[in-house]
Amino acid sequence: MDQKDTEMNEKGVTSSTSGVVVQVREKKGPLRSAIPYMPFPVAVLCLFLNTFVPGLGTFVSAFTVLCGARTDLPDRHMCCVFWLNIAAAFIQILTAIVMVGWIMSIFWGMDMVILASMCHSPQPQQV
């Protein structure tokens, strides 16, 4: 019988001896990739605005792209990413009537804060 990099321990549970590491990456659409990496206080302000006025924080975040904020769309021109953020803001505003836009707006703001905390957190030192 083949062992194929597994062996049985005394409890009968197989354990891997190869030490394979699996990395998972989230595939983002163009609107989600257009969310800018902003300074943390600005991202929190956008989340606050999105919570109480759907789409307003997303609209404000579009202008941070014109100020040089980085996005996950490096191959697109700054104006294209700006208009993608404006489109996301209008989608949130128009669909807020049926609550979908309001919920989307809050999640969008949460994504802004998550991206800001990832961007500005200290990187671990390699030993």
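The structure holds four aromatic pairs. Rings of Phe, Tyr and Trp (its six-membered ring) pair if their centres lie within 6.5 Å; planes under 30 degrees apart count as stacked, over 60 as edge-to-face and the rest as tilted. The rings of Phe59 and Phe63 have centres 5.3 Å apart and planes at 75 degrees, so this pair is edge-to-face. This is a predicted model: local features need pLDDT of at least 70, side-chain atom pairs count only at pLDDT 80 or more, and totals for chains, interfaces and linings use all residues. Residues are numbered from 1 along each chain as its sequence is written, and side-chain values use heavy atoms, with hydrogens and water left out.

**Aromatic residues**

- Phe59 and Phe63 both lie in helix α3 (residues 56-66), four residues apart, about one turn of the helix. Helices (H or I, at least four residues) and strands (E, at least two) are DSSP runs, numbered from the N terminus.
- Phe59 is partly exposed, at 33% relative accessibility. Phe63 is also partly exposed, with a relative accessible area of 38%. Buried means under 20% relative accessible area, exposed over 50%, and partly exposed in between (1.4 Å probe, protein chains only).
- The rings of Phe82 and Trp83 have centres 5.1 Å apart and planes at 75 degrees, so this pair is edge-to-face.
- Phe82 is buried, with a relative accessible area of 10%, whereas Trp83 is exposed at 55%.
- One aromatic cluster is formed by Phe59, Phe63, Phe82 and Trp83.
- Over the ring of Tyr37 sits the charged end of Arg70, 4.1 Å from the ring centre. The criterion is NZ of Lys or CZ of Arg within 6 Å of the ring centre and within 35 degrees of the ring normal.

**Helix α3**

- Gly57, Thr58, Ser61, Ala62, Thr64 and Val65 are the buried residues of α3. Seen down the axis of α3, these buried residues fall within an arc of 155 degrees, so they line one face of the helix. The arc is that of the directions from the helix axis to the C-beta atoms.
- Gly68 follows α3 and has a positive phi, near 105 degrees.

**Nonpolar cores**

- The largest nonpolar core has eleven residues: Ile35, Tyr37, Met38, Ala43, Cys46, Ala88, Trp108, Met112, Val113, Leu115 and Ala116. A nonpolar core is a set of buried Ala, Val, Leu, Ile, Met, Phe, Trp, Tyr and Cys residues joined through side-chain atoms within 4.5 Å.
- Two or more residues of this core come from each of α2 (40-52) and α5 (100-120). The largest share, five residues, comes from α5.
- A second, separate core of five residues includes Ala34, Val65, Leu73 and Val81.
- Met112 is in contact (heavy atoms within 4.5 Å) with Ile35, Met38, Ala43, Cys46, Asn50, Gly57, Thr58 and Ser61, leaving aside its neighbours within four places in sequence.

**Pro39**

- The loop between α1 (30-33) and α2 holds Pro39. Pro39 is partly exposed, with a relative accessible area of 44%.

**Annotated spans**

- An unreviewed UniProt entry places the feature "transmembrane region" at residues 40-69 and 81-108. UniProt positions are in the numbering used here, feature names are shortened, and annotations may be inferred rather than shown by experiment.
- Residues 40-69 are 80% helix and 0% strand, with end C-alpha atoms 12 Å apart.
- Residues 81-108 are 86% helix and 0% strand, with end C-alpha atoms 15 Å apart.
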